[in-house]
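My entries follow in the order in which I looked.

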Amino acid sequence: VATLRKKLSEKMGFEIPMVSVDCSQDWKEYKMKGTVMGVGDETPFVLGAVTGAISMANKAGAAILNLEEINSLTPGGQKMMNSITDWRQSVYVEMLAKKYALDKGKKLIILATMNPSGYGGVFSLNQDLRSRFSEIRVGYPSAQDESNILKTLHPSVAVSVVDRLVTLASEIREKRTAFSYGLGTRDLSRLLSNYEITDDLELVLSIDLANKFDGSERATVVDRINAHFDTGMTE
């Protein structure tokens, strides 16, 4: 999302403002539309995420509304997004009896991220909302790209350690359906950061990799760690 914002800003010739929202099951209408707030003796109306993004777009010419983990919204919360993502491109605030809409020629770019619906604590997207988005599926980086990322972030770590770690991670991901935890590049980077601090490879392989798993999953991962790094880690 940050990269897309940067590229769009370069293309449009100005820095596009962005509103990012951490969606959750507690998403309420006032978070989207806004509400009155007590400030001293006054109660001004404070814009919500959507009305704020519309206002920014009208002032700047374009804005981005970034909905993080959109599938953590309840079905009711998802319904609240319909009016801003269809032909209406607006939201009506009953408290003010006012409609917030995009001015002619202004752009509101709505982005949403989500994990697969199989993850815990998330909901399936309503078909009416999902139909309003084009979808890009982002998988794990290739082994070469991931290796380059980690070598750039952790240049002091031996190349052999990085390469073995990436190979190990690739093996674990190939059995994704057999494991409850999805091992990401962030996990590998944290492991290498702790390795740079402690200089204890077996310790960080334990706390930042093996301990992400339990039971038979952990036993399998420990076995693979020992095979790749010639460690003596026990289950």
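**Entry 1: the sheet.** I looked up the open sheet of this predicted model and found 3 strands in the order β1-β4-β7, with parallel pairing. I took strands as DSSP runs of E with at least two residues and helices as runs of H or I with at least four, numbered from the N terminus. Two strands pair if DSSP finds at least two bridges between them. β1 (18-22) and β7 (107-112) are the edge strands, each with a single partner, so one side of each has no neighbour in the sheet. Neighbouring strands are turned by 15° against each other on average, direction ignored.

I noted the source conventions here: residues are numbered from 1 along each chain as its sequence is written, and side-chain values use heavy atoms, without hydrogens and water. The model being predicted, local features need pLDDT of at least 70 and side-chain atom pairs count only at pLDDT 80 or more, while totals for chains, interfaces and linings use all residues.

**Entry 2: β1 and β4.** I then checked how β1 is joined to β4 (residues 62-68): the two run parallel and share 5 bridges. M18 stands opposite I64 in β4. Helix α1 (residues 2-12) packs on the sheet and touches β1, β4 and β7, and its direction makes about 170° with that of β4. Contact means heavy atoms within 4.5 Å. Angles run from 0 to 180 degrees between N-to-C directions, with axes fitted to C-alpha atoms, for helices over the stretch in contact. Helix α3 (residues 49-60) lies across β1, β4 and β7 as well, at about 155° to β4.

**Entry 3: α8 and α9.** I looked up the axes of helix α8 (residues 159-174) and helix α9 (residues 185-198), which come within 11 Å and cross at roughly 145°. From α8 the contact takes V161, V162, L165, A169 and R173, and from α9 it takes T185, L188, L191, L192 and Y195. By class I read 8 nonpolar, 1 polar and 1 charged residues. In this scheme Ala, Val, Leu, Ile, Met, Phe, Trp, Tyr, Cys and Pro are nonpolar, Asp, Glu, Lys and Arg are charged, and the others, Gly among them, are polar.

**Entry 4: α7.** Which residues of helix α7 (residues 143-153) are buried? I found E146, S147 and L150. Seen down the axis of α7, they fall within an arc of 100°, so they line one face of the helix; the arc is that of the directions from the helix axis to the C-beta atoms. Q144 and T152, on the other side of α7, are exposed. Buried means under 20% relative accessible area, exposed over 50%, and partly exposed in between, with a 1.4 Å probe and protein chains only. The cover over the buried residues includes α8 and α9.

I followed α7 to α9: the two pack at an angle of about 35°, with their axes 10 Å apart. E146, I149, L150 and L153 in α7 meet T185, L188, S189 and L192 in α9. This contact has 5 nonpolar, 2 polar and 1 charged residues.

**Entry 5: positive phi.** Most residues other than glycine have a negative phi. I looked up E69, whose phi is positive, near 55°. E69 is in the loop between β4 and α4 (75-79) and is partly exposed, at a relative accessible area of 30%. A97, also not a glycine, has a positive phi of about 50°. A97 lies in the loop between β5 (90-93) and β6 (98-101) and counts as exposed at 55% relative accessibility.
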